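Subject: Handover of a structure and notes on its contents

Dear colleague,

Please find the structure below, together with its sequence. I would be grateful if you read the notes with both in view.

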Amino acid sequence: MHVIIDLCVVPLGVGVSVSPQIAACQRVIQASGLEHHMHAYGTNIEGPWDEVMAVVKRCHEVVHEMGAPRITTTIKLGTRTDREQSMGDKVTSVEDKLAGQE
């Protein structure tokens, strides 16, 4: 099953700045080869369900290995069975409407 997720990993107990841990998680996502897009409060990732969830698990493992005693993660996800749709398709659909093309 194809899934698109919005992933927000928040390490706890590592101080105010969490950018080193987030960068490590981004490296995991990049190494996966899955389509992804980082934004200010997380990362959108798309691909086969098991591969995407394996990346989420690996992000937790890496951040814990860096010394974070706790992690809180928020995931929003969506699946479709009626047709294929990518992250880009979803954005383009709204952009077209904004441009008055639909």
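The notes that follow describe the chain as a whole, then its core, and then some individual residues.

This is a predicted model, in which local features need pLDDT of at least 70 and side-chain atom pairs count only at pLDDT 80 or more, while totals for chains, interfaces and linings use all residues. Residues are numbered from 1 along each chain as its sequence is written, and side-chain values use heavy atoms, with hydrogens and water left out.

**The chain as a whole**

The chain has 3 helices and 4 strands, where helices (H or I, at least four residues) and strands (E, at least two) are DSSP runs numbered from the N terminus. Their order from the N terminus is β-α-β-β-α-β-α. The C-alpha trace spans about 50 × 30 × 20 Å along its principal axes.

Of the 102 residues, 28% count as buried. Buried means under 20% relative accessible area, exposed means over 50%, and partly exposed lies in between (1.4 Å probe, protein chains only). Among contacts (heavy atoms within 4.5 Å) with a separation of 6 or more, 70% are between residues 24 or more positions apart.

**The nonpolar core**

In soluble globular proteins, nonpolar side chains tend to be buried together. A nonpolar core is a set of buried Ala, Val, Leu, Ile, Met, Phe, Trp, Tyr and Cys residues joined through side-chain atoms within 4.5 Å. The largest one here has 18 residues, of which Ile5, Leu7, Ile29, Ile45, Val52, Val55 and Cys59 touch the most other members. Strand 1 (2-12), helix 1 (19-32) and helix 2 (49-65) are the elements that give two or more residues to this core, and helix 2 gives the most, with 6 residues.

Leaving aside neighbours within four places in sequence, the contacts of isoleucine 5 include Ile45, Val52, Met53, Val56 and Ile75. Cysteine 59 and arginine 27 are 32 residues apart in sequence, yet 8.9 Å separates them in space, C-alpha to C-alpha. Arginine 27 belongs to helix 1 and is exposed, because its relative accessible area is 54%.

**Two buried polar residues**

Aspartate 6 is placed in strand 1. It counts as buried because its relative accessibility is 18%. Its side chain is joined to that of histidine 39 by a polar contact of 2.7 Å. Such a contact is a pair of N or O atoms within 3.5 Å; within protein, one must be able to donate a hydrogen and the other to accept it, and residues adjacent in sequence count only if both atoms are side-chain atoms.

Glutamine 85 sits in the loop between strand 4 and helix 3 (87-98). With 16% relative accessibility, glutamine 85 also counts as buried. Its side chain makes a polar contact of 3.1 Å with the side chain of arginine 80. Beyond its neighbours within four places in sequence, glutamine 85 is in contact with His2, Ile4, Glu46, Arg80 and Lys90.

**One further residue**

Leucine 77 lies in strand 4 (residues 70-78). Leucine 77 counts as partly exposed because its relative accessibility is 41%.

Yours sincerely
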